Every structure is written in C-alpha cells, then in structure tokens.
Amino acid sequence: MIDPRNRPALYGSLIAAAAAFVLLWALGLSPFLAWIVGWSIPAFAMYGIDKRQAQLHAWRVPEAVLHGLALVGGVIGAWAGRAAFHHKTQKPIFTIVLIAASIIWALIAAWALLG
C-alpha cells in the first residue's frame, strides 16, 4: 500500500511523464526520445523538490520514487537533477542505480537504433 504522503510525488510524476511523452510525440519527436525526455522532466523536478524538502526538514520524496523514475526512462533527468541540485551525491546506492539505469537505457537505445 502506498503511504498517502507519497501519493502526490508518485502520481504527479506519472501524470507529468505521460503528458510530456504524449506532447513530445505529437510534436514529432520519436517515441523513444519522447519517452526519455518525458520521464527525465519529472525525474529532474523530483530531485529538486526532494533537495528543497531536505533543506526545510519537511516530508521527502521517497528514494524508491527517485530510483523508479531513473529506471523507467528518466535517467538523464536524474543525473542532471543530481548534479544541478548537488543532491544524493553521497549515497552510493544512487550512483549504482543511475549507472545501472544508464547501461539499461544505452542498451535499449542501441537496440532501437540498430534493430
């Protein structure tokens, strides 16, 4: 069951990614690039929101949401958010997940381009 405090982050990310994907695809971006950019936007935003919440000692975006956004396609936004906000840089699990997501999406990109 989802903690009610986590619902805005989770559902907001899903809605933002879906809307961005549909809009970018409708504007002529390839489905693959629209997917990557669509998920990268909320991934970047969630890193910024979580950093701000950490500074305020307020409710935080769950780490599972941040990892999930990277793994489903927002890996570029996750790397960018991590760098831009200097957030989660001292936690090795974030580096591991982002490297894994990068490899996964690089392989998917190679398959999409070559297949």
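Predicted model: local features only at pLDDT ≥ 70, side-chain atom pairs only at ≥ 80, totals over all residues.
The buried residues of H1 are Ala-9, Ser-13, Ala-17, Ala-20, Phe-21 and Leu-24. Seen down the helix axis, these buried residues fall within an arc of 100°, so they line one face of H1. Their cover includes H2 and H3.

H1 has 20 residues, which should span 28 Å at 1.5 Å a residue. Its end C-alpha atoms are 28 Å apart, so the two values agree. Just after H1, Gly-28 takes a positive phi of about 105°.

## The overall fold

The protein has four helices and zero strands. Along the sequence the pattern reads α-α-α-α. The C-alpha trace spans about 45 × 30 × 30 Å along its principal axes.

A compact globule of 115 residues would have a radius of gyration near 13 Å. The protein has 14 Å, which agrees. Of the contacts with a separation of 6 or more, 66% join residues 24 or more positions apart.

## Surface and burial

Buried residues make up 36% of the 115 residues. The accessible surface comes to about 6,700 Å². Carbon and sulfur atoms account for 76% of that surface.

## The nonpolar core

The largest nonpolar core has 18 residues. Those with the most contacts inside this core are Met-46, Tyr-47, Val-61, Leu-66, Leu-69, Ala-78 and Leu-98. Four helices each supply at least two residues of the core: H1 (7–26), H2 (31–55), H3 (63–85) and H4 (92–114). The largest share, six residues, comes from H3.

Take Leu-69 from that list. Setting aside residues up to four places away in sequence, Leu-69 touches Ser-13, Trp-39, Pro-42, Ala-43, Met-46, Gly-74 and Val-75.

## Ser-13, a buried residue of H1

Ser-13 lies in helix H1. Its relative accessible area is 2%, so Ser-13 is buried. Its contacts, leaving aside neighbours within four places in sequence, are with Pro-8, Trp-39, Pro-42, Met-46, Val-65 and Leu-69.

Ser-13 and Ala-80 are 67 residues apart in sequence. In space they are 16 Å apart, C-alpha to C-alpha.

Beyond its neighbours within four places in sequence, Trp-25 is in contact with Pro-31 and Ala-34.

Trp-25 and Gly-38 are 13 residues apart in sequence. Their C-alpha atoms are 9.4 Å apart in space.

## The last helix, H4

H4 has 23 residues. From first C-alpha to last, H4 reaches 33 Å, close to the 33 Å expected at 1.5 Å a residue. In H4, Phe-94, Val-97, Leu-98, Ala-101, Trp-105 and Ala-109 are buried. The cover over these residues includes H2 and H3. One of them, Leu-98, is also listed among the core residues with the most contacts.

## Two loop residues with positive phi

His-57 sits in the loop between H2 and H3. Its phi is near 55°, a positive value in a residue other than glycine. His-57 has a relative accessible area of 74% and is therefore exposed.

Lys-88 sits in the loop between H3 and H4. Its phi is near 65°, again positive in a residue other than glycine. Lys-88 has a relative accessible area of 11% and is therefore buried.

Terms used:
Residues numbered from 1 in each chain as written. Heavy atoms only, no water. Rg over C-alpha atoms; globule rule 2.2 N^0.38 Å. Buried < 20%, exposed > 50% of the residue type's maximum accessible area, 1.4 Å probe, protein only. Contact = heavy atoms within 4.5 Å. Areas by Shrake-Rupley, 256 points an atom, 1.4 Å probe, with all protein chains shown as cover. Core = buried A, V, L, I, M, F, W, Y, C linked by side-chain atoms within 4.5 Å. Expected span 1.5 Å × (residues − 1). Arc of directions from axis to C-beta.
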